[in-house]
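Please look over this model with me. My notes follow as numbered points.

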Amino acid sequence: MTVADFSSTVDALVAVHRICKAFGDQQVLTDVSFEVASGEVLGLIGPNGAGKTTLLECIAGLLSADTGEVRWRGSLLPPARRREQLFYVPEAIAPYPDQRTAEVLTFFRQAHRQPPSRLEYLVNALGLEPARAKPVAALSKGYRRRFLLALGLLAPRPLLLMDEPFDGFDLRQTREVMNLLREEAADGRTLVLSIHQLGDAQRICDRLVLLSGGIVRGVGTLAQLTAAARLPMCSDLEEVFLALA
Amino acid sequence: MRSREPPASLTPVLRKELRELATGSSLWVLLLLLSPLVGYSFIQAVALYAEASRPALSIPELAQQLSPFDGILVPTLGGFYLAITLLFPFIAIRLIASEKASGGLKLLVQLPYRLTDFVAAKFAAVIAAWLIALIPLISALVCWGLLGGHLDARETATLMFGHLLYALLIGAISFLAATLTEGGATAAILALSVTIGSWVLDFAALDRGGVTNLVAAVSLTSLLKPFEQGLLSIPTVLGMLIATVGFLALAAIWLPPGVLFTRRVKGSALIVMGAAILIAVAGQARTVLDVTPDRRNSFPPADEQLLGQLPERLLVTVRMAPSDPRLTDLDRKVLARLKRAMPRVTVRVAAEGKAGLFGSAGDEDYGQIVLTYHGKSATTRSTGAGEILPILYELAGVGSPAPSPTGRDEPGYPLVADASGAAIWFYGALPLMFVGMWWLASASRRIARRRSR
């Protein structure tokens, strides 16, 4: 099978090199390597069970990889120091369920020493105002997702890793959040998004990492991946993914 | 874009932990159970004290034996001790286990705090919980004061300090249990196996000597004993503090996700070794302060001064079973005092098996206490200091010091009082107050949650 890799064309902010991870006998990630450029929106796409969450947690240093390394601007970034550069927003968690949304948001704002205006901006941009007085456990799936995005965006780190950031959103909400993330990227923030909806990934990502069975099947722009898959240039990401995976 | 954040202030994380404490139910359940438990202990203690005080009102010699510290404070704190042993672990465990279960820990460890900051903030919340749990106890002491009872400030403060150290140790053990296990229930089983295991150890050591006795000496329950006698034992205090810090350090090592197992094990081994060395060093600090107003745990000052000047090792061989009440009496009134007063004392409990009221059948040596000093030995069956000290002085070849007062002459504090009226407070008003506080802290959130469904 062909692995399309155009990483060498990227001026890497962060480089993920040969990460392997197994849980017991089950190999979840095998020699995963790719690079991310500064200000880029990189999509990590693949079906459920492809190893996307495991990979993000290994990169964030929340899960110890069996082998492999992460480099930051060419220098080795050990797991204990990853939080200096990046922040990972997990999927489907409900932190501090008994506390009010506003209280948790304020805690994260204060911990990151961000001005109140930054939180106000994010609350408005993500439409979180109606949820502020509610406990986290009372939030709907969509509001919980927005709440988690706000927690991530409050972290003033150059690289954000987000696991399924559009999960639970309708089309309009997805577009609103995409616009917000695009603005963040335009301000110089680099985003790595794990997305299982290929349509969403195609719309927002500058480049894509195709992951299947814990193996990188291709890295590049849609055009580069389409060419690697020897498909017509009008092919969509779904066709490309099926051809490469 | 800035790539490195400055360390964050501790205040937000501390506020968050206090909110977690208030919104959870474990603190309020503890308070609801603690209130009647402390109240019952107090009311019973006052009733028994009144019974003992009646004859003492007319006989001054009997009155001297009546100490509110032993009669009221220690029994009332017995209920408090029970609740702290059995329920306090749940409060400490929740502060970590709920964060692990909800996924909050994954976010928390990415914030610009050191791991020790998280553990310190959580532990501060545990201390806050203990201070809130003092409300029933303090109200019992206020009731005693309103009834006209007496309490010595130094004794009371020492005992409370001992209970604080005990609660801190329980909290630190619970933290470690929560970091080592996946769920709160498993953590609770682990923590309670340590606390309740201490009771089992104490029970097992009652009738056995040797290793069981040695292990029981470091059980959590035995750590409170000096404080309950009015003694401020510096080695015990240091040992408890070192153990607490050690357990917290271990919790900080096992808390964060993503750390290699081998690295955790190496760090843990270093902490355990460091703590063991420090505890061993602390054990060499022999200072034990008798804070009782009448120095009832100590020999007269003249005797203590003379005993402190005896340079040789004193060997005391006691031929009694460990469960023999005479041994307990001997230990408290003579052996423990000798160990504090003399630089070198070794005690051997030589007898095995059970003892009847008059010793075990067929063992004529049973009950003997053999004192060996400077190559000379003497035997007695008396467990009183008045008989043993002169024998020791004779062996050492020194004269008995001139009799001196044993300390401030305590008049005794007999009090015939009835605290049954306090039942309304402990069984009714106080629990209602806690329910109200619980509602204020968490019910409004539940209403918001229900409305959103």
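1. Six residues of domain 1 of chain A are in contact with five residues of domain 2 of chain A. Contact here requires C-beta atoms, placed from the backbone, within 7 Å. On the domain 1 side, the touching residues divide into four nonpolar, one polar and one charged. The classes are nonpolar for Ala, Val, Leu, Ile, Met, Phe, Trp, Tyr, Cys and Pro, charged for Asp, Glu, Lys and Arg, and polar for the others, Gly among them.

2. The model is predicted: local features need pLDDT of at least 70, side-chain atom pairs count only at pLDDT 80 or more, and totals for chains, interfaces and linings use all residues. Residues are numbered from 1 along each chain as its sequence is written, while chains are lettered from A and ligands numbered from 1 in the order in which they are written.

3. Where do the domain bounds of chain A fall? Domain 1 takes 1-85 + 158-170 + 189-245, and domain 2 takes 93-156. The bounds come from an automatic or database domain assignment. The C-alpha centres of the two domains lie 27 Å apart.

4. Chain A has a radius of gyration of 18 Å (over C-alpha atoms). That agrees with a compact globule of 245 residues, which would be near 18 Å; the rule is 2.2 Å times the number of residues to the power 0.38. The C-alpha atoms fill a box of roughly 50 × 40 × 35 Å along the principal axes. In chain A, 49% of the residues count as buried, with 20 or more other C-beta atoms within 10 Å of their own.

5. Chain A has eight helices and 11 strands. These are DSSP runs, numbered from the N terminus: helices are H or I of at least four residues, strands E of at least two. An open, antiparallel sheet in chain A has the order β3-β2-β5-β6. Strands β3 (26-37) and β6 (75-76) of chain A are at the edges with a single partner each, so one side of each has no neighbour in the sheet. Pairing needs at least two DSSP bridges; β2 (residues 12-23) of chain A has eight to β3(A). A:Ala15 stands opposite A:Glu35 in β3(A).

6. The largest nonpolar core has 172 residues. Such a core joins buried Ala, Val, Leu, Ile, Met, Phe, Trp, Tyr and Cys residues through C-beta atoms within 7 Å. Those with the most contacts inside it include A:Ala150 and B:Ile93. Helix α4 (residues 68-102) of chain B gives the most to this core, with 17 residues.

Key. Buried ≥ 20, exposed ≤ 12 C-beta atoms within 10 Å, placed from the backbone. Contact = placed C-beta atoms within 7 Å.
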